[in-house]
Amino acid sequence: MILTAKLMKVKTGCPACNRGPESIMHLLFQCKKAVEVWQLLGLYDIIKKACCVSRFDEVVIEHILCLRDSDIHVLGLPNPGETIATSAWYLWFERRKLTHGEKTQTAAQIQLAVRGLAANFVIACKPKAKRRVMAWSKPQSGYMNINVDAGFDHDNLNGRVGAILRDDNGKFI
């Protein structure tokens, strides 16, 4: 609207389907590609019901994002809240690519990418595993104890290994 007030030509139709207005509501929930993505994710019924809450895109988005994960039951979708938010972002990202003349993905490719991104987000947000600290245990008299550890850096293709040998008195050999 600001650009049209300055007498600049602006396309008002959806750049993806040319069927609806270029609005957030259309882009995220009504555009043919968006509907396909929501269907492939198994979330279309939830989106469709949310669109009946209001005709204002802000209200619909807020309603969807405020749904509890326990209220959304989709087989094979353990984290629906993150998936919905990621899908909305990804659809916007695809629209940006389209308007800049870049190649866009199919609905099937988008839903696969969304599933991967959402799953990685959930994993990244989990508390880190607690580190186990094991103390040295004294071997029987006349025996030795060897402790070994190793690590590998996949990025640098570099590895290290270390070993410590102790006798039954705890002295390093």
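Predicted model: local features only at pLDDT ≥ 70, side-chain atom pairs only at ≥ 80, totals over all residues.
Figure 1. A disulfide is a covalent bond between the sulfur atoms of two cysteines. The cut-off applied here is 2.5 Å between the sulfur atoms, and the count of disulfides by this rule is 0. C31 is buried, because its relative accessible area of 4% lies under the 20% limit. For C52, the closest cysteine sulfur is that of C51, 7.1 Å away, again too far for a bond. C52 counts as exposed, with a relative accessibility of 67%.

**Figure 2. Packing of helix 3 against helix 6.** Two packed helices are described by the angle between their axes and the distance between the axes. For helix 3 (residues 32-41) and helix 6 (residues 80-99), the angle is about 155° and the axes are 11 Å apart. The two helices are therefore roughly antiparallel to each other, since angles over 145 degrees are placed in that class. The crossing of helix 3 and helix 6 is right-handed. Helix 3 contributes A34, V37, W38 and L41 to the contact, and helix 6 contributes T83, I84, S87, A88 and L91. Sorted by class, this contact of helix 3 with helix 6 comprises 7 nonpolar and 2 polar residues, with no charged residues.

**Figure 3. Packing of helix 3 against helix 7.** Helix 3 also packs with helix 7 (residues 107-125), at an angle of about 50° and with the axes 9 Å apart. Helix 3 and helix 7 are therefore oblique to each other. Their crossing is right-handed. On the helix 3 side, K33, E36, V37, L40 and L41 take part, and they meet A107, A108, I110, Q111, V114 and R115 of helix 7. By class, the contact of helix 3 with helix 7 holds 7 nonpolar residues, 1 polar residue and 3 charged residues.

Figure 4. Q111 is located in helix 7. This residue is buried, with a relative accessible area of 11%. When neighbours within four places in sequence are left aside, the contacts of Q111 are with V37, L40 and L41.

Figure 5. I61 lies in helix 5 (residues 57-65). With a relative accessible area of 27%, I61 is partly exposed. Apart from neighbours within four places in sequence, I61 is in contact with I24, L28 and F29. I61 and I84 are 23 residues apart along the chain, and their C-alpha atoms are separated by 9.8 Å.

**Figure 6. The protein chain as context for the close-up views.** The protein chain contains 7 helices and 2 strands, and its pattern along the sequence is α-α-α-α-α-α-α-β-β. Of its 173 residues, 27% are buried. Among contacts between residues at least 6 apart in sequence, 47% join residues at least 24 apart.

Key: Residues numbered from 1 in each chain as written. Heavy atoms only, no water. Axes fitted to C-alpha atoms, helices over the stretch in contact; angles between N-to-C directions. Helix = DSSP H or I, 4+ residues; strand = E, 2+ residues; numbered from the N terminus. Parallel < 35°, antiparallel > 145°, perpendicular 65-115°, else oblique. Left-handed = near helix turned anticlockwise from the far one by under 90°. Contact = heavy atoms within 4.5 Å. Nonpolar A, V, L, I, M, F, W, Y, C, P; charged D, E, K, R; others polar. Buried < 20%, exposed > 50% of the residue type's maximum accessible area, 1.4 Å probe, protein only.
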